[in-house]
Every structure is written in structure tokens, then in C-alpha cells.
Amino acid sequence: MKKIGIVTRDCAGVNAAVRAVVRSADHFGIKVFGFLKGYDGLIDGNYIQLDRRSVSGIINRGGTILKTSRSKDFKTVRGQEQAVKNIKKLQLDGIIVIGGNGSLTGARVLTEKYDIPTIGIPATIDNDINGIEMSIGVDTAVNVAVEALDKIRDTAMSLERIFIVEVMGRDCGYIALRVALAAGCEEVLIPEKEIDLNRMYSEIVEGNEKGKVSWIIIVAEGKAKASDIADSITAETGLETRVAVLGHIQRGGVPTAFDRILASRLGYYAVELFHKGESNICVCLNSGEYSTIPYELALRPRDFEVGGDYKLIKILT
Ligand code: F6P
């Protein structure tokens, strides 16, 4: 292994992972090329060479210094062939892909269809990579949302209102469930759990009759629109509601210490595996142990335990 490339998506902690990859590669005598704007950079041959100094002062920065894209071209055979041509022209021995489902699907294509060695580092706020406890970016996203929720609670309590807050999670309710527990919310609506909305309306009406005046209900974007839930609550209970959609603020910001540590460890581990000649896998840290899983497994729909935390949210309300 003499030369590798990196392709990134964005979320908090990705820069810390880029730094770890570049400096670990230097430690093993490997040169690193950073492709700009994700897979589009691979297709266009748009890259910069990265050394120890070019990743100074980025461990605490959100986003990705390499920029990113949701590349439509890489979904085409023409785009993929062009990317492979550039990888070969630069004589790269492998590619490290830092990102979520879409990015890791791209890594799998490079490996399985074109025989390019790749290693995936899971980084996505949705935490929907299967078989991996925590992806880079999740901890920051949950903390950012909880901080916002604490502020929303001030108004909810002062004005005696019901707030419906929509958090990110395209197909996965992980962020929503954790945020609801950490911010002391009354209800959480996620794709993984069927909720009886009539039971929720009755709980609100009964609570209100007993003097309860404010609620915060979390909705995962993959489940429903917060505005639709708010309208239905007002229609069924006659109580005033307000909506907040947290959106992309959850994906940016200064990474937490947890995300920086995870990114540093996984970045090093990915390079170490490449150096040992291993590839075509996703790295992870499960129960404190470094391990790897094949793309095929990582890209299956994620199943995570919902019941325990959901029950706790209801008991603690
Ligand atoms: O996959 C991460 C994520 O932030 C999801 O939570 C969200 O649904 C999606 O990306 C938004 O994508 P975009 O930034 O392309 O609008």
C-alpha cells in the first residue's frame, strides 16, 4: 500500500476521521489523495494531496474540508467507469470512504464491480448502518437536538403549549428515540414503532384535565411531518400546538468528544487494516472492541432495540 484516496460525506466528526486517516497513513508511509465533492471528485479527477499539515486544526470542525455531493453521476456506469479510470491513472492502491448508506453503497460498487480495494468508515447522523453500534456524527446530532429541545421546553412551559418537534432520520428513528429520552419528552413517533394516535390524543386530553399544560412530542422525519401531527392534535384535542423542524442543524456543529474519539480510532484502524492488506469491509467499534463487517451486512436495514427506551420514556413522563 503506497497511495490511497479518501471520499467523504458530511457530518460532525468527519474532519476528525480525515485527520486520523491522513496522519495514520503518514505513520505507515502511505500517501493520501483527498477527493473533492465526494464521488463527483473521483469522476472529475478533482483531488488534493493531503499531508500532516493540511489536516491541522480540523479535529474540532464540523462538515468536511473535502466538501461533498450526492453524486448522480456515480450512479451511472459511465460515471463509475470514469472514476475507476482516475483511480488507476493515479495508481491508487485503495479508497477509504467516510459516510453513510449512500457512500458505503458506492464503496461496495467500487469493490464488487471494479475490484478496487475499499474500506468504509461509517459516518451518518441517522445511525442506520446495520451491525454498527455508533456511526460518527450520531452523538453530536443527538446532543445538538437535546440542546435545542431544552430551549423549546422553556417556551413550552412558559406559554403552556404543545410542541411537536421534527428531528432528522430518513428511515430510522434512532435520533428521535434518544433525543426524546434525553430531553424528557412525552411521546416519540418513529418508523420502527406503531403508535395508537387515539391513545396519544386521549392522554393529552386527560393530562390537560388534570392540570398538565405542556407537552413535547418528537417526530422522526421518516415517520411523519410534524405539521401534520400538530394539526391532528389540535383537531382532536382542541389544544394549541406549535411546530419546530430542527433539520440540518443536527448534522453540523462542533463534534462532541465522543465523535472525535470514535473518528480518530476508526480512521487509524481503517489505515492499519489497509496496511495489513485487508479491504472490502466496514470498520466499527462495538462494545469497545474494534471489528469489521462486510458491506452486504452493513447495508441491510438496521434493526435496533426500541422497546426498552420507549417504555422508559412513557414511565418517566
Ligand atoms: O442521512 C443523513 C441525513 O441528514 C438524513 O437524516 C436526512 O434525511 C438527509 O440526510 C437529508 O439529506 P440532504 O442533506 O441531501 O437534504
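I count two strands as paired if DSSP finds at least two bridges between them. Helices (H or I, at least four residues) and strands (E, at least two) are DSSP runs, numbered from the N terminus. This is a predicted model, so I keep in mind that local features need pLDDT of at least 70, side-chain atom pairs count only at pLDDT 80 or more, and totals for chains, interfaces and linings use all residues. Residues are numbered from 1 along each chain as its sequence is written, and side-chain values use heavy atoms, with hydrogens and water left out.

**Entry 1**

I started with strand β1, residues 3-8. Its partner is strand β2, residues 31-35, and the two pair in the parallel sense over 4 bridges. I looked up K3 and found K31 as its bridge partner in β2. Buried means under 20% relative accessible area, exposed over 50%, partly exposed in between (1.4 Å probe, protein chains only).

**Entry 2: a sheet of four strands**

Next I traced an open sheet of 4 strands. The order is β7-β8-β6-β9, and the pairing is parallel. β7 and β9 (241-245) stand at the edges with a single partner strand each, so one side of each has no neighbour in the sheet. Direction ignored, neighbouring strands of this sheet are turned by 20° against each other on average. I checked β6 and β9: they run parallel and are joined by 5 bridges. V165 has A244 as its bridge partner in β9.

α6 packs on this sheet and touches β6, β7 and β8. Its direction makes about 165° with that of β8. Contact here means heavy atoms within 4.5 Å. Axes are lines fitted to C-alpha atoms, for helices over the stretch in contact, and angles run from 0 to 180 degrees between N-to-C directions.

**Entry 3: helix α6 and its neighbours**

Which residues of α6 are buried? I list Y174, I175, A176, L177, V179 and A180. They pack against α5 (138-159), β6 (162-167), β7 (187-189), β8 (215-220) and α11.

I then took the helix pair. α6 (residues 174-182) and α11 (residues 307-316) pack at an angle of about 30°, their axes 10 Å apart. That makes α6 roughly parallel to α11. By the cut-offs, angles under 35 degrees count as roughly parallel, over 145 as roughly antiparallel, 65 to 115 as roughly perpendicular and the rest as oblique.

From α6, L177, R178, A180 and L181 meet D309, Y310, L312, I313 and L316 of α11. The residues of this contact divide into 7 nonpolar, no polar and 2 charged.

After α6 comes G184, with a positive phi near 65°.

**Entry 4: G120**

Where does G120 lie? I found G120 in strand β5, residues 118-122. G120 counts as buried because its relative accessibility is 0%. Leaving out residues up to four places away in sequence, G120 touches V97, L104, I281, C282, V283 and Y295.

**Entry 5: the hairpin**

Strands β10 (residues 281-286) and β11 (residues 289-293) pair in the antiparallel sense over 5 bridges. C282 stands opposite I293 in β11. The hairpin has 2 residues between the strands, and S287 takes a positive phi near 50°.

Definitions and conventions: Nonpolar A, V, L, I, M, F, W, Y, C, P; charged D, E, K, R; others polar.
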